[in-house]
Amino acid sequence: MIEKRTAIKLSDGRELVYFDESPAEDRTRWQDSRQLPPPPPTSQLRYDPLVDEWVAVAAHRQTRTFLPPSDKCPLCPSTPDFASEIPAPDYDVVVFENQFPSFSDRVKPDEITELTNMVPVRPGIGRCEVVCFTSDHTSSFGALPPERIRTVVDALADRTEEMSAQPGVAQVFPFENRGIEIGVTLSHPHGQIYAYPGIPPRTAAMLEASRQHAERTGGRNLYADVLAAEQKAEIRVIGSNAHWTAYVPAAARWPFEVQLAPNRQVPDIPALTSQERDAFATLYLDVLKRFDALFGKPMPYIAAWHQAVIGEGRDLGYLHLQLFTIRRAADKLKYLAGSESAMGAFINDIVPEKAAQILRDAL
């Protein structure tokens, strides 16, 4: 749980926030000693009329840090020999604005407005932040104590509230990528938060399905009904407690995929009660331990928080965490090949009911 929140500015003007579990440390005494260039301008959003979607082009991300040695990790605390992104010599949880953001408020003054009369262009106004879960470079989210996970959840709630209030933001998306198989470029335990300037395609599809369900059922919430059906069926449920349920979706796309949902409808992380935040930590740790136990080695995964949109359609949202891996066997990965990458049509190699049983038996 957060006892102290301290915001500072890095040498290039980006914001960094310490979330401490103790009120004792004065974080302002540690200042960024680096001489950094100004942050890059925001990305360019280009409209694809063939699928009614916007694509972000962020060429500056091509130069982002890639798998540095541990003594040059930008997410570790600073030392006398190396100044990292975090000036303090130690920390609990830290959030800072990404040095190589996909979205930001730094708009180029001469930004073009179209490429052709079919492809308008607009700036990718939003925000991207990095969330460091621990100062221990060799740890992982699943190795954190429940108290630290509670601090992380509180930090995500803080950032969700602040980023949701920024002009032009349509949805706030916290997530964690783990493992080089997933494409992680920094091995230090961390996640990210994207404040999107528009509604992403998956959320748009979920919103449309939710609207149709509400029209058919007299206003019932789609995710609430799906969750209730899974709780009743039980066969795909991995674990539960008084506040949360973890289950494998009946139409899972990934070899091992679990969704963790609160047992009552809430729009986003800030809406969770203190008891719900504590209860999430214990259940999520159990699920992560099962993932790592499947093949006896750290499991690469993506953990994605689906929160309600900020504007129209917010009432249709139902907070849940989607956890999935691309590993389908000890020595095999699921690649997004022709059907998935080109057509968006997923083919799962493992029957979801079997995946649920394997996860239940993993510990």
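Predicted model: local features only at pLDDT ≥ 70, side-chain atom pairs only at ≥ 80, totals over all residues.

Reader: What makes the contact of Glu276 with Arg264 a salt bridge?

Author: The closest N and O atoms of Glu276 and Arg264 are 2.6 Å apart. A salt bridge requires a side-chain nitrogen of Lys or Arg within 4 Å of a carboxyl oxygen of Asp or Glu, and the pair therefore qualifies.

Reader: Which parts of the chain does this pair tie together?

Author: Glu276 lies in helix H4, while Arg264 belongs to the loop between strand E13 (256–262) and H4, so the bridge ties together parts that are 12 residues apart in sequence.

Reader: Is Arg264 buried, exposed or partly exposed, and why?

Author: Arg264 has a relative accessible area of 37%. Buried means under 20% and exposed means over 50%, so Arg264 is partly exposed.

Reader: Why is the pair of Asp292 and Arg178 called a salt bridge?

Author: The closest N and O atoms of Asp292 and Arg178 are 2.9 Å apart, and the cut-off is within 4 Å. Asp292 lies in helix H4 (residues 274–293) and Arg178 in strand E9 (residues 171–178), so the pair ties together parts that are 114 residues apart in sequence. Asp292, at 23% relative accessibility, counts as partly exposed, whereas Arg178, at 16%, counts as buried.

Reader: How does the span of H4 stand against its expected value?

Author: H4 has 20 residues and reaches 29 Å from its first C-alpha to its last, which is close to the 28 Å expected at 1.5 Å a residue.

Reader: Which residues of H4 are buried?

Author: Among them are Glu276, Arg277, Ala279, Phe280, Leu283 and Tyr284. Others in H4 include Leu288, Arg290 and Phe291.

Reader: What makes H1 a mostly covered helix?

Author: In H1, 14 of its 19 residues are buried. Helix H1 (residues 146–164) reaches 27 Å from its first C-alpha to its last, close to the 27 Å expected at 1.5 Å a residue.

Reader: How do you know that Asp20 and Arg27 form a salt bridge?

Author: Their side chains meet at 2.8 Å, N to O, against a cut-off of within 4 Å. Asp20 is buried, with a relative accessible area of 2%, and Arg27, at 6%, also counts as buried. The charged end of Arg27 sits over the ring of Tyr18, 5.1 Å from its centre.

Reader: How many salt bridges does a search of the whole structure find?

Author: The search finds 30 salt bridges. A network of salt bridges links Arg5, Glu15, Glu97, Arg106, Arg127, Glu129, Asp158, Arg159 and Glu162.

Reader: Let us turn to aromatic rings. How many aromatic pairs are counted?

Author: With ring centres required to lie within 6.5 Å, the count comes to 17 aromatic pairs. In one of them, the rings of Tyr47 and Trp54 have their centres 5.3 Å apart and their planes at 55°.

Reader: Why is the pair of Tyr47 and Trp54 called tilted?

Author: Planes under 30 degrees apart count as stacked and over 60 as edge-to-face. The angle for Tyr47 and Trp54 is 55°, so the pair is tilted. Trp54 is partly exposed, with a relative accessible area of 36%, and Arg122 lies over the face of Trp54, at 4.4 Å from the ring centre.

Reader: What makes Phe66 an exposed residue?

Author: Phe66 has 60% relative accessibility, and exposed means over 50%, so Phe66 counts as exposed. Phe66 is found in the loop between strand E4 (53–57) and strand E5 (93–97). Together with Leu67 and Ile180, Phe66 forms a nonpolar patch on the surface, with about 340 Å² of accessible area.

Notes:
Residues numbered from 1 in each chain as written. Heavy atoms only, no water. Patch = residues over 30% accessible without salt bridge, like charges linked within 9 Å, V, L, I, M, F, W, Y side chains within 5 Å. Areas by Shrake-Rupley, 256 points an atom, 1.4 Å probe, with all protein chains shown as cover. Helix = DSSP H or I, 4+ residues; strand = E, 2+ residues; numbered from the N terminus. Buried < 20%, exposed > 50% of the residue type's maximum accessible area, 1.4 Å probe, protein only. Phe/Tyr/Trp six-rings, centres within 6.5 Å; stacked < 30°, edge-to-face > 60°. Lys NZ or Arg CZ within 6 Å of the ring centre and 35° of its normal. Expected span 1.5 Å × (residues − 1).
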